[in-house]
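User: Hi, I'm new to this one. Could you walk me through it?
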Amino acid sequence: MADAVKLDAPKLKAKDFKSTQEVRWCPGCGDYAILAAVQSFLPELGLERENIAFVSGIGCSSRFPYYLNTYGIHSIHGRAPAIATGLAVSRPDLSVWVVTGDGDALSIGGNHLIHALRRNVNLKILLFNNRIYGLTKGQYSPTSEPGKLTKSSPMGSVDAPFNPLSLALGSEATFVARTLDSDRAHLHEVLRAAAEHEGSAFVEIYQNCPIFNDNAFEVLKNPETRDEAIIRLKDGEPIRFGDKAVVQSGYGLQVKDASEVDESEVVVHKADVEDPAYAFALSRLSGIALDHTPIGVFRSVKRPTYDKGVRTQVDEAAAGVDRKEALDRLLHGGDTWTVL
Amino acid sequence: MNTVRQLDRVVIRFAGDSGDGMQLTGDRFTAETAKLGNDLSTLPNYPAEIRAPAGTLPGVSSFQIHFADTDILTPGDQPEVLIAMNPAALKANIRDLKPGGTIVVNTDEFTKRNLTKVGYDDNPLEDGSLDDYQVYPVALATLTIGALAEHEVSKKDAERSKNMFALGLVSWMYSRPTEATEDFLRGKFKAKPVIAEANIAALRAGWNYGETAEAFAVRFEIPPAKLAAGTYRNITGNTALAWGITASGVASGLPVFLGAYPITPASDILHELSKHKRFGVTTVQAEDEIAAVGAALGASWGGALGVTTSSGPGIALKSETISLAVSLELPLVVVDVQRAGPSTGMPTKTEQADLVMAMFGRHGEAPIAVLAPQSPSDCFDIMLEAARIALTYRTPVMVLSDGYIANGAEPWKLPELADLPDLSVEFATEPNAVDAKGEEIFLPFQRDPVTLARPWAVPGTPGLQHRIGGIEKADGTGDISYDPINHDHMVRTRAAKIAGVEVPDLEVDDPQGDANVLVLGWGSTWGPIGAAVRALREKGASIARAHLRYLNPMPRNTARVLEQYDKVVVPEMNLGQLALLLRGNFPGTEVVGYNKVRGLPFTSNELTDALEEVIKNG
């Protein structure tokens with residue numbers, strides 16, 4: 001199958017990507033906004049619908065493929081990156097997307113996520129992080145804040161949470177970004193950057209669960225607080241937000257009052273910095289309290305992809321081979337003898 | 001001048017420390033023997049530890065070969081010849097040796113320290129305890145080092161070649177040609193020609209030692225076996241399995257995708273297939289067993305023949321994904337090279353205790369086809385069958401090999417490739433239904449009326465976009481469905497699909513036609529059962545035998561076959577798993593189990609005795 005994904009697709013519209021299935025998330029769920037944003041973005045890929053595949057695991061977010069008029073597979077808990085790896089390796093003509101959640105990707109499927117990222121398989125991984133288990137009705141997740149009161153932690157969770165972006169960067173991810181369910185324009189922009197990236201693209205989408213963890217990201221959404229909380233990363237621009245600026249400090253980065261720092265000290269964002277320590281430091285600016293939360297593309301670097309590496313070896317070995325004849329030679333090679 | 005004596009068969013066991021290269025020595029002796037046209041069967045036996053402490057009993061590695069001028073079925077119950085490279089190898093193997101058997105022993109290792117290490121108070125070579133055997137004491141290391149004096153290799157490297165000296169000597173004793181081994185050594189040590197030449201020199205020195213040392217008055221010849229006409233090669237089960245997977249790709253015209261995670265004793269299949277990229281075979285060494293089967297399933301969805309290979313513990317991990325494949329109704333071939341369990345058990349030892357897991361080890365009603373090869377070479381054919389069923393019925397198929405078949409070798413009459421089955425599949429390319437408005441639509445779960453298989457529409461096919469998943473689907477549309485009647489219908493339909501898989505009838509071997517007892521086996525017990533049946537018939541007993549290669553569904557005539565016998569003896573290397581299935585499926589049958597779980601194949605002698613007992617008791 002051809003390696004080139006781009007086709008002269010007829011101009012499709014968002015509605016062309018809607019499936020006939022009735023969407024069944026709770027009213028007010030952030031997944032609706034993400035679905036609408038993805039449907040409106042997909043025409044930009046310039047692909048026929050049949051050349052797009054969505055793979056998901058289990059959880060509220062993982063119902064996503066049912067609602068898209070592409071090929072889709074709603075698989076089992078945590079395994080979407082593994083299944084998608086098999087598909088992406090064997091089908092270079094497809095644009096393969098993984099939709100997952102904080103429980104699916106970071107708890108039960110943590111192993112598959114980190115290995116997909118380290119291999120740099122050509123997958124776009126959208127992690128809807130609502131910091132709670134929704135589908136199983138409200139247990140704490142690996143991104144829930146310590147002390148969280150849930151049905152399974154009535155005295156408060158004693159789990160320490162993951163920082164998903166730090167984890168992705170530690171897994172050698174080549175593309176790492178974060179966006180918000182409620183910011184349609186930003187979501188669209190990040191999806192575009194992820195789609196353009198060759199290799200694994202990891203996108204964390206903060207997503208509100210109105211039933212079990214409502215307003216978890218309110219600080220990033222409330223007009224009164226968001227400007228002080230959100231750091232919008234823009235490539236080539238100094239990192240400033242509200243009346244704050246980001247400067248180097250010790251081994252990492254630090255937020256300071258802009259008035260206290262010289263213009264030359266302000267860190268200029270560059271997503272293509274090879275050293276992952278920079279993006280890692282960015283990922284550490286926001287704690288679980290979301291006080292200085294960068295959104296945008298943290299890291300985007302080039303590295304050979306696993307799937308292409310695998311295919312190249314097979315293609316080189318198989319070029320011009322008559323398989324039946326080769327099989328005959330395999331069977332008859334080495335020590336054989338004939339009985340008359 | 002040596003005397004040459006003709007033998008019709010012999011069983012030889014090479015035994016030494018894990019670091020002594022006994023498996024290689026055995027492999028080469030096997031290749032030489034195959035080249036001569038003897039029928040043969042082998043049994044490697046080695047510790048799981050790569051290098052257990054040198055000179056200890058747990059570190060002993062052995063390789064047994066049975067070869068003959070007639071067709072044979074097992075690697076032999078008791079060796080007649082033991083090559084013991086050290087005291088541990090002697091101690092670990094002497095009780096298996098036939099009374100009056102021959103021992104070639106490396107005297108260099110029989111030091112006070114080494115003897116003490118394995119609990120010998122006195123040197124068995126001197127205390128008379130081996131008087132009942134024909135013992136050939138040979139200073140293998142000393143002789144090898146001496147033979148390599150002119151070679152520019154270190155003393156250590158020279159000493160390491162002693163296994164080739166031993167091979168040369170035994171090759172002389174049994175009149176095996178060594179040219180192919182010389183070629184093999186040149187290839188193996190291509191980058192180190194000095195080492196290659198040293199090994200070859202050691203091999204020749206061993207041969208010459210046999211010819212000149214007066215101790216060896218007799219050498220033996222075993223004429224070629226009168227096998228069916230054709231071209232033969234020697235093959236192990238794991239290699240045949242890998243080649244069967246490769247051939248399935250050729251026969252179907254599909255790319256093969258293997259997802260695997262290393263595990264004993266299945267890893268060799270991954271190694272072998274990794275060399276077969278020229279056939280369009282992709283191998284992915286996944287991060288774990290679950291990812292291995294997941295990637296294979298993902299590739300199957302994309303239109304490849306997805307395969308995953310493992311052993312018991314790995315299959316347990318794959319269980320959830322196999323159930324998903326049942327629900328998605330996609331082709332998937334799962335190979336379980338069984339080993340002694342539970343848990344880590346004895347990874348290098350054989351067992352047949354995963355049958356019930358293969359049948360039922362999933363959640364929900366999740367039937368799959370289950371096949372089992374009966375010998376190393378049968379692995380090739382069984383893989384083609386597994387691929388046929390997986391592709392035709394869009395289902396997972398489990399293949400149950402085991403450690404005995406995986407590592408054992410036998411001559412294989414090479415198939416004519418013109419006879420390869422046609423496994424080509426038709427992908428769905430067009431809508432297959434019309435909706436209420438008269439528009440053409442695609443129903444991903446609209447079934448073939450004969451096979452009950454659903455259409456296989458791979459991503460990339462225009463107009464057939466659809467979503468599948470583990471949630472219950474409405475038959476036909478594939479839409480999510482919680483409808484009680486639909487679920488009941490789907491569960492029964494998936495079961496009916498597997499029950500309806502076409503498999504050949506069970507063949508019964510009952511030459512007299514008056515037998516009251518049937519011995520029914522499955523998998524790797526085929527050889528030992530066959531040898532036992534042969535021995536009984538030679539004694540004049542009447543016994544019927546049949547062997548199940550298809551465990552699910554069982555051949556259509558199974559009930560009819562079982563009804564004809566008063567008793568059905570089922571030897572299994574488990575505590576009665578096929579027996580359990582037979583009692584459940586064919587309640588009128590009197591099933592008599594013969595069960596052992598020692599990590600070793602049955603001997604034909606013990607089976608002969610057990611079967612004789614059943615026949616005698618009517």
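This is a predicted model: local features need pLDDT of at least 70, side-chain atom pairs count only at pLDDT 80 or more; totals for chains, interfaces and linings use all residues.

User: How many residues of chain A are in contact with chain B?
Analyst: 53 residues of chain A are in contact with 59 residues of chain B; contact means C-beta atoms, placed from the backbone, within 7 Å.

User: And which strand of chain B is joined to β12(A)?
Analyst: That's β9(B), residues 230-236, which runs antiparallel to β12(A) with four bridges between them. T338(A) has T231(B) as its bridge partner there. Strands here are DSSP E runs of at least two residues, and helices are H or I runs of at least four, numbered from the N terminus. Two strands pair if DSSP finds at least two bridges between them.

User: New topic: is β21(B) mostly covered or uncovered?
Analyst: Mostly covered: five of its five residues, 544-548, are buried. Buried means 20 or more other C-beta atoms within 10 Å of a residue's own, with C-beta atoms placed from the backbone. A544(B), A546(B) and L548(B) lie on one side, with R545(B) and H547(B) on the other.

User: Which strand is joined to β21(B) by five bridges?
Analyst: β20(B), residues 517-522, and the two run parallel. In this pair, G521(B) stands opposite H547(B).

Terms used
Residues are numbered from 1 along each chain as its sequence is written. Chains are lettered from A and ligands numbered from 1 in the order in which they are written. Two residues are in contact if their C-beta atoms, placed from the backbone, lie within 7 Å. A residue is buried if 20 or more other C-beta atoms lie within 10 Å of its own, exposed if 12 or fewer, and partly exposed in between; C-beta atoms are placed from the backbone.
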